[in-house]
Amino acid sequence: MAIGKLHSIETFGALDGPGIRTVFFLQGCPARCMYCHNPDTWNEDEGEQITVGEVVSRARRGRPYYGENGGVTFSGGEPLLQADFLIEAMDALRRDGITSAIDTSGTYFDDKSETVIAHCDMVLLDIKHIDSDAHRRLTGWGNENILDCARYLSDIQKPVWIRHVSVPGINDDDESLRRLRTFLDT
C-alpha cells in the first residue's frame, strides 16, 4: 500500500473543483512560483505520512456536504509527484462513491502522470503564463509541459478547469490574455 506525504487538509473547500470538497494538500513541488500560496509545500522531505485508508476516512466525513458535485481534490504542492499514492487513493475513493480531482500546475509530467489522470474524475490545470520565457521567470520552468498536459487532457476529453491567476503587471496584459484565449480555443 502506497504512503503519501501530506502537508495539510482543508474541509469545506469551495474553490478547488465543483461543489464542496475535502482538499488534501500534498507535499513537494518542483516549481518555485513567485506568487505561490503554499510555498511551505515545496520541500518533498517535509510533511506527514498519510495512508490511503486515512484519506478515505477523512473524505467520508465530508460526504454529507458534497452533494452531487463535490468530493475530494488533491492539491499541493504538486500532486503528480506522488503518482502511486494518488492512483491507490483515487481508486479507493471511487469504490466508496467519492469523486476525485487533481489540482496541478502540470509542471511535473512523467510516464505515470497519464495513469494518474486516467484514475481521477477531473483536473484543475493552472496555466500561469502563456509565454514560456515569462513562465520561466515566474516559476523557474517553461510552460511546454503544461501546454502539452492541456492538449493531452483535451485529446482524452478529461473534464478540466483551466485556472489562471491574473497578477497585475505580470500576466494580465491584453496580448498575453489573448494568446491564452487563442490556445484554450484549440
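1. Gln157 counts as exposed, with a relative accessibility of 68%, in what is a predicted model. This residue sits in the loop between α5 (144-155) and β7 (160-163), and its phi is positive, at about 60°, although Gln157 is not a glycine.

2. A positive phi also occurs at Phe12, where the value is near 60° in a residue other than glycine. Phe12 belongs to strand β1 (residues 3-13), and with a relative accessible area of 49% Phe12 is partly exposed, because the exposed class begins over 50%.

3. The peptide bond that leads from Gly76 to Gly77 is cis, its omega being near 20°. Gly77 is placed in the loop between β4 (71-75) and α2 (83-95).

4. The protein contains six helices and seven strands, which follow one another along the sequence in the pattern β-β-β-α-β-α-β-α-β-α-α-β-α. Its radius of gyration is 16 Å, close to the 16 Å that the globule rule gives for 186 residues, so the protein is as compact as a globular protein of that length. The C-alpha trace spans about 45 × 35 × 30 Å along its principal axes.

5. Of the 186 residues in the protein, 47% are buried. Among contacts with a separation of 6 or more, 67% are made by residues 24 or more positions apart.

6. The accessible surface amounts to about 9,200 Å², and carbon and sulfur atoms hold 49% of that area. As for charge, there are 19 positive and 30 negative side chains, with the centres of the two sets 3 Å apart.

How values were computed
Residues numbered from 1 in each chain as written. Predicted model: local features only at pLDDT ≥ 70, side-chain atom pairs only at ≥ 80, totals over all residues. Heavy atoms only, no water. Helix = DSSP H or I, 4+ residues; strand = E, 2+ residues; numbered from the N terminus. Buried < 20%, exposed > 50% of the residue type's maximum accessible area, 1.4 Å probe, protein only. Rg over C-alpha atoms; globule rule 2.2 N^0.38 Å. Contact = heavy atoms within 4.5 Å. Areas by Shrake-Rupley, 256 points an atom, 1.4 Å probe, with all protein chains shown as cover. Lys, Arg positive; Asp, Glu negative; His and termini not counted. Charge placed at Lys NZ, Arg CZ, Asp CG, Glu CD.
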